[in-house]
Amino acid sequence: MKKYIFLAVALLLLTTACSNDENSNPKEQPTQAVQFSFTNEDFGADETLSRATGAAEAKPQTVDLGDCEAEISVENEPAVKTRGTMTNATGHYTIRAYQGGTLKGEMKGTFSGGNFTPDATSPQEIGLSAGTYDFIAFNDDVIPSGNALTVDRTKAETARMGITTAVITATPQKQKVMFTMKHVGCRVRVQFICKKHIPNDITAKLEATAANVIPATTAYHPATKAYTSTNGAMTAENSNFPASTEALYTASNFGQNYAYTSTSDYHYFLPTTEGSKLKLTFTAGTLFWKPLTGTIPQLNATLQMQANKSYLVKIKLNPNYIYLMSDGSTGHFKDTTFGGGTKTPVGVVADPTACVAIALKDVEDGALYKWSQPPGTSDNTTIYLEKDREEDMDGYKWTWETAGTVDGTIKANQQTLYPAFYAAGHYNPGVSVSGTLVGKKWYLAGGGEWATYINQGLGFARDAEKKYNVSYGILLKEALTRVGGKMLDIDRIGFGKKYLMSTQCNTESNPTPSSWDRMYSYQGNFSNGTSTGGDMTGRIRPFIKY
């Protein structure tokens, strides 16, 4: 319930002197008590700066951050703006009355507990004649400078001002002047959104793009009812983004949706501050493969901040997959012919340090191959226990080296005896290769390579889950399909769609080395298992060491 405080304001009704009897004996001039009420309006809900729509649609700003791409949304104010919550005002205020931009009266005092107490040194009332007035109330974070009311950026969060227009009439009746105290400053925060979890805190610096481009002071002019700002230096501010809290993997449906968020604290500015004059420089945090580095050079290209407004700048962070090109070089999507570049991709790099990539497509789409014919029991020189199969990183050895086979043969050269190995080793990417890729050999990967390179390296499974049926496999699907590749054609356990691996292992219940691993999945998430059947068949997705 609002409490109205009665301030004795004498309305001095000006009369024109004349010589008649009535005016020679003037009647008592009417006085009127004016009611003032103060309420604080907080910042409203964040106005999300989302992508514009319609004919004037602008492309989102995309920034290359190495292994990460940042897509910054374009401003589009929502049709319905949420007003800030209303609370009783407290603190020390100055009340001014202006008419035509000219100051007509002023008083100062303190609001506390719904009561207003004028300062001892302040006029206890404001004398006004009938007319229309602009009433302005402001707290002590607003500094009068003549008729201008100035605010320094250091007070952008706390400076408040209320402006209202009222008509004071000659009729002796109670009139109300209600102030809604709003923030002079404005605020903005940044939200990262991603299709995979944000594993740890990200820190950055919010700073000006150049010297003296951010308003350091702003002044409200009662005569023009407008703000003017003066630019000055801005000290870089820390901007902290906590790790996401949404459920791992499932929140985004394994990488399908932007479901993971991390939002910074608010930063406070003065009206007319432009988002294009602010930049965000990363200082710590890892989202995909490497620590975040680099700068988002413009926080938002079109944002111009207004008093008492609250803004949210959304930045989508996407993995910037590395592709192996037909000439042996590597690059990102923008370097490929699909992204406007000149390079032809033949694989997705799973580990740039180990120089390992996977093919964009299967060997003969939909074809099934036998691991060996007839089925063997100890073809590889190392037989893994089922629980240890994810340690096998020697697919190239089992495929191409004589030391990898008990009888000293090279499996990739034995089309009849080892069909799967032959198919992987003789994979044709569909384009001719050149440069450093000439002479490099495709191979059938081991269990550890699938878990480490596919699940963890490309599907972003955490180390603890890399061997299980969980990852952000949809991200890998997007990485493959955007350059003309195909997703691994994997189905639920038992449906028969599986990929052969070169690992050979014992099962816990059967010490005879007669089973081979394969990978299977659902909705792009990978897991592994063993088959004790001698007629082991599956699809082939080759790997290569470039």
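**Charged pairs, cysteines and backbone angles in a predicted model**

E390 is buried, with a relative accessible area of 11%, where buried means under 20%, exposed over 50% and partly exposed in between, computed with a 1.4 Å probe on protein chains only. Its side chain meets that of R389 in a salt bridge, at 3.4 Å from N to O, and R389 likewise counts as buried at 9% relative accessibility. The model is predicted, so local features need a pLDDT of at least 70 and side-chain atom pairs count only at pLDDT 80 or more, while totals for chains, interfaces and linings use all residues. Residues are numbered from 1 along each chain as its sequence is written, and side-chain values use heavy atoms, with hydrogens and water left out.

**Salt bridges**

- The whole structure holds 13 salt bridges, each defined as a side-chain nitrogen of Lys or Arg within 4 Å of a carboxyl oxygen of Asp or Glu.
- One of them joins the side chains of K195 and E478 at 3.0 Å, N to O; because K195 lies in the loop between β15 (186-194) and β16 (202-208) and E478 in helix α5 (residues 473-481), the pair ties together parts that are 283 residues apart in sequence.
- Helices (H or I, at least four residues) and strands (E, at least two) are DSSP runs, numbered from the N terminus.
- K195 counts as buried at 11% relative accessibility, whereas E478 is partly exposed at 31%.
- Another salt bridge links K343 with D327, the closest N and O atoms being 2.6 Å apart; K343 sits in the loop between β26 (330-331) and β27 (345-351) and D327 in the loop between β25 (323-325) and β26, so this pair connects parts 16 residues apart in sequence.
- Both partners are partly exposed, K343 at 29% relative accessibility and D327 at 23%.

**Cysteines**

- The count of disulfides comes to zero, a disulfide being a pair of cysteine sulfur atoms within 2.5 Å.
- The sulfur of C194 has its closest cysteine sulfur in C68, at 7.3 Å, which is too far for a bond, and C194 is buried with a relative accessible area of 1%.

- N308, in the loop between β23 (295-296) and β24 (310-319), has a positive phi near 65° although the residue is not glycine, and N308 counts as buried at 8% relative accessibility.
- E364, in the loop between β28 (356-359) and β29 (369-370), also has a positive phi, near 50°, but E364 is exposed, with a relative accessible area of 56%.
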